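Try each task before reading its solution.

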Amino acid sequence: MRWTKFVACGGGPVRDPVLIPDLVSTVIPVHNRPDLLQQAVASVLGQNWPHIEVIVVDDGSDDATPAMIAWLRVRHPDRFRAIRRERAGGPGAAREAGRGLVRGEFVQYLDSDDTLAPGKLRSQVEALRRHPACDICYGREQAMYRRRDGSEYVVPHDVPVIDRLFPRLFFDRPWFTFNPLYRRAIVDRVGPWTPLWFSEDIEYDSRMAAADTRLCYIDVLTGTLSRTGRDHLTSRALSRQALIGWTYAHEAILANARRCGVPLAGPEFEWLTTAMFAVARQCGAAGLATLSERLFEGTRAIATRPAAPAFRVYRAVARRIGWRAAGVLARCLDQARAWGRRRRS
């Protein structure tokens, strides 16, 4: 399986070589979310850690967001900076544009519809001071959802206590984007965010994992993920763009795992190959025949022996009727099985 290497994202200045001790640089990409942006910025500037700067990247907003950014700049001239990308390029490209401006010893990424918990930054900076061998500190997290009647409720999110990202990353990201606080040194070492619209954070974490980054966990709430809006990117998980991003990101996971000698085995890895097989079928159904075949063949080559019969059958069908038709057929069969389970229950 090959990984297509992305070039560094454009839209921002050349990487700032300045490093200010104790400063936490928070990068917030935003597109058409003025009110939520105000809440996100307030959650950063309201922290009890005094050394903070906020860097907002306006990713082509065409509503009231630029006016909100201008207001925030006037209100917080010493701790707030912003740049604008004229064409929306997605979260990865926007974060990379902001990364070029960071000056702090520590780096915090925050999506514009999420918020940091009070005391997060102080707790994590102090933890990294206590653990000089660690480059990332993370903690507890929660997500907010909206009921049909409009009321909101919060659900804690299970976070594993681990000291390295592999092999957990085979299964899923261990955290939401706002959770970890990074040392600037590891951010510089890992390099640019890739311009993927979806799963760019998984690809980024896979390079963190390949760098053998040490993690430290603290039993402190770090923030709240918002699932109350309709414009959240992960709500479009079956779009063609999402499937392309998922494929490239998970190819990168495998490439980075191989590069640092992680065994391709265990329950987390079996889950990954099962998920990749499913996405290969979805790519076919979405008309991404070339991507479907590539992902399928790469997954088949590394899948464990118990999965071999399913791969042989699907490959034979796809070669006879085409990868797109095979994907559509698989989707119909999956829907029929799901309907059968609902009837039985």
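**Exercise 1.** In which sense do strand β5 and strand β9 pair, antiparallel or parallel, and over how many bridges?

*Solution.* Keep in mind that you're looking at a predicted model. Start by finding β5 at residues 115-116 and β9 at residues 215-227. The two run antiparallel and share two bridges. For one of the pairs, look at Thr115, whose bridge partner in β9 is Thr224. Next, turn to strand β6, residues 136-146. This strand pairs with β9 in the parallel sense, over eight bridges. Here Ala143 has Leu225 of β9 as its bridge partner.

**Exercise 2.** Work out whether Arg85 is buried or exposed, and find a side chain that joins it through a polar contact.

*Solution.* Then check its relative accessibility, which is 11%. The cut-off for buried is under 20%, so Arg85 counts as buried. Finally, look for its polar contact: the Arg85 side chain meets that of Asp59 at 3.1 Å.

**Exercise 3.** Which residues have the most contacts inside the largest nonpolar core?

*Solution.* This core holds 57 residues, and the ones to pick out are Phe170, Tyr182 and Met208. Helix α9 (residues 267-285) gives the most to this core, putting in eight residues. A separate core of 33 residues lies apart from it, with Val24, Trp49, Phe80 and Ala82 among its members. Now zoom in on Tyr182: leaving out residues up to four places away in sequence, its contacts include Phe106, Trp175, Tyr204 and Met208. Glu105 and Asp135 are also among the residues that Tyr182 touches.

Conventions. Residues are numbered from 1 along each chain as its sequence is written. This is a predicted model: local features need pLDDT of at least 70, side-chain atom pairs count only at pLDDT 80 or more; totals for chains, interfaces and linings use all residues. Side-chain values use heavy atoms; hydrogens and water are left out. A nonpolar core is a set of buried Ala, Val, Leu, Ile, Met, Phe, Trp, Tyr and Cys residues joined through side-chain atoms within 4.5 Å. Buried means under 20% relative accessible area, exposed over 50%, partly exposed in between (1.4 Å probe, protein chains only). Helices (H or I, at least four residues) and strands (E, at least two) are DSSP runs, numbered from the N terminus. Contact means heavy atoms within 4.5 Å. Two strands pair if DSSP finds at least two bridges between them. A polar contact is a pair of N or O atoms within 3.5 Å; within protein, one must be able to donate a hydrogen and the other to accept it, and residues adjacent in sequence count only if both atoms are side-chain atoms.
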